[in-house]
Amino acid sequence: MDSGAENFYAVWRERQRALPALRDGDFAPLEKLLQAIWQHQRLLRDQLKTAGGKTLRVLHPGFMSVEGGPDFRGAVLQFENEMPISGDVEIDLQTSGWRAHGHDKNSNFKNVILHVVWDTPNNSECVPPILSLKNVLDAPLAELALALENESGLPEKLRGKCSAPLRELSSTQLTELLQAAAKVRFQNKANAILARAKNCGWEQALWENLFRALGYKNNIWPMQNLAETKSRWTRGANSTFEIQARLLGISGLLPDDLTRAQKSSDTFLRHAWDFWWRDRDEFESCTLPRAVWKFHGLRPANHPQRRLALAAHWLASENLVSKIESWCGAEIPDKKLLESLHEIFQIERDEFWSWHWTFKSARMTKPQPLLGEARVTDLAVNVILPWLWIRAKEGANEKLRLEIERRFFAWPTAEDNSVLKLARQRLLGTSAARVLKGAAQQQGLMQIVRDFCEHSNAICTDCRFPELVECLKAKTQS
Ligand code: SF4
């Protein structure tokens, strides 16, 4: 077979595609290429020295972050003969990027233990230490650009220590393992609901968990706070809109000013303020400051204002809980589980929120649902099924408990997320989402991450999960 250099296609590709990876003039690479070089450690790894002159050993480059903050999380590095340390790595073209991008003042960057750059003057002792890649590449830059352009995901050598034994399991054994871990996660959620229900009752525990689920990972606590005072702010509210206005006011998310650009938003805001002027003194003690909410990286569809508007509909309908109970008792084929629960939680139409993502966005041409099926699956596996299951268990209703458990294991696959993406690559050695069948298997994998990966580091120090996998293998073989 022809070598790449003699192949017209390869030559053309090299010209067209490698060169744009390099910047004109100074031949510095694009930051994305630097990240790929770092991730794949295409470096003269035994010759690494910081700008301050310290030798550096990279025991693990860390995991590429997909959620903002430093570029790599959880790297394990050894400077000189010191003890290895674990922390984050930030990659910039130039050292000046550290300040220019505001990393020095950003608390998300406080665990950065190495600043990787393309080029820097030597002998500069800095915090965090700097590593320049320019003179330590293991191949010419253009060659690396071509080699790494299609590399996505975790390189094989950076997989976890459990990856090899997991690969040796049969698919039945792997399913058994994931389902066992999923059951632990499910029961933990159910027990947390029970603990709360003992203090505030089943219905209140359900509402608090629904609100928490609407907060996603960033706004769980403000949502929980709002739900805890629900009996106060729902009292005397006579319509969905009045509950919406109160919720927006109490949450601190009702804007003080009109947009002056979106007429329909301003009409909504004037109307909401008509209610909130009257109510706000009464609810002052349970009103949250706007600062407790986190908006960074939030999609407009997930904005807490929109989620509160949805919760107001659920509260105003008054029979949500009995609908959930009827759903639990009804015979529903597995294929219809998601659809049937979606019907309960979906609201028909909201005059404002069905037509606007946020107050600032223009009116949409088509109405958009306030709740998608992906969110219903989250509600099902994190709240509804554990709540129903623990009530059945406490009520010694074995038949119902087993039926709810069956529904949990039959629930269709949930939306992918960054924890699952990394875990699939690190533990199961694949980036394919389809390897996990059903929401329960996803939950199982997340539980393993929580129980083992979160108690270890990127090089799997002291992790006993590989032993557990070996035991499972031996047990089923004997
Ligand atoms: S820390 Fe443990 S469970 Fe996580 S990847 Fe490493 S060996 Fe696997």
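How many Å separate the centres of domain 1 and domain 2, taken over C-alpha atoms? Please then turn to the surroundings of the ligand, and to the elements linked with them.

Guide: The centres of domain 1 and domain 2 are separated by 43 Å, taken over C-alpha atoms. Domain 1 covers residues 4-156 and domain 2 covers residues 203-381, with bounds that come from an automatic or database domain assignment. This is a predicted model, in which local features need pLDDT of at least 70 and side-chain atom pairs count only at pLDDT 80 or more, while totals for chains, interfaces and linings use all residues. Residues are numbered from 1 along each chain as its sequence is written.

The protein chain contains 19 helices and 6 strands; these are DSSP runs numbered from the N terminus, helices being H or I with at least four residues and strands E with at least two. Its C-alpha trace spans about 75 × 70 × 50 Å along the principal axes. Of its 478 residues, 31% are buried. A residue is buried if 20 or more other C-beta atoms, placed from the backbone, lie within 10 Å of its own, exposed if 12 or fewer do, and partly exposed in between.

The ligand is surrounded by 13 residues, of which the closest are Gly160, Cys162, Cys453, Cys460 and Cys463; a residue counts as near a molecule if its C-beta atom, placed from the backbone, lies within 6 Å of it. Helix H17 (418-427) and helix H19 (465-477) are the elements that give two or more residues to this shell. By class, the shell holds 9 nonpolar, 2 polar and 2 charged residues. Here Ala, Val, Leu, Ile, Met, Phe, Trp, Tyr, Cys and Pro count as nonpolar, Asp, Glu, Lys and Arg as charged, and the others, Gly among them, as polar.

Most residues other than glycine have a negative phi. Cys460 counts as partly exposed because 19 C-beta neighbours lie inside 10 Å.

In H17, the buried residues are Leu422, Arg424, Gln425, Arg426 and Leu427. They pack against strand S2 (63-64), helix H5 (163-167) and H18, contact being defined by C-beta atoms, placed from the backbone, within 7 Å. After H17 comes Gly429, with a positive phi near 70°.

S2 and S3 run antiparallel and are joined by 2 bridges, and Phe63 has Arg73 of S3 as its bridge partner; strands pair if DSSP finds at least two bridges between them. Strand S1 (residues 56-60) also runs antiparallel to S3, with 4 bridges, and Val58 is partnered by Leu77 in S3. Strand S3 (residues 72-79) in turn pairs with strand S4 (residues 85-91) in the antiparallel sense over 4 bridges. Leu77 stands opposite Ile85 in S4, while Phe72 has Val89 as its partner there. The hairpin of S3 and S4 has 5 residues between the strands, and Glu80 in it takes a positive phi near 50°. Beyond S4, strand S5 (residues 112-117) runs parallel to S4 and is joined to it by 4 bridges, with Leu114 of S5 opposite Val89.

The nonpolar cores complete the setting. Such a core is a set of buried Ala, Val, Leu, Ile, Met, Phe, Trp, Tyr and Cys residues joined through C-beta atoms within 7 Å. The largest has 70 residues, and Phe211, Leu247, Ala311, Leu385 and Leu388 touch the most other members. Helix H15 (residues 373-394) supplies its largest share, 11 residues. A second, separate core of 23 residues includes Leu34, Val112, Ala145 and Ala458. In soluble globular proteins, nonpolar side chains tend to be buried together.

Ala396, in the loop between H15 and helix H16 (398-410), has a positive phi of about 55° although it is not a glycine. Ala396 is exposed because 8 other C-beta atoms lie within 10 Å. Asn238 lies in the loop between helix H9 (230-234) and helix H10 (240-251), and 63 Å separate its C-alpha atom from that of Ala145, 93 residues apart along the chain.

Methods: Contact = placed C-beta atoms within 7 Å.
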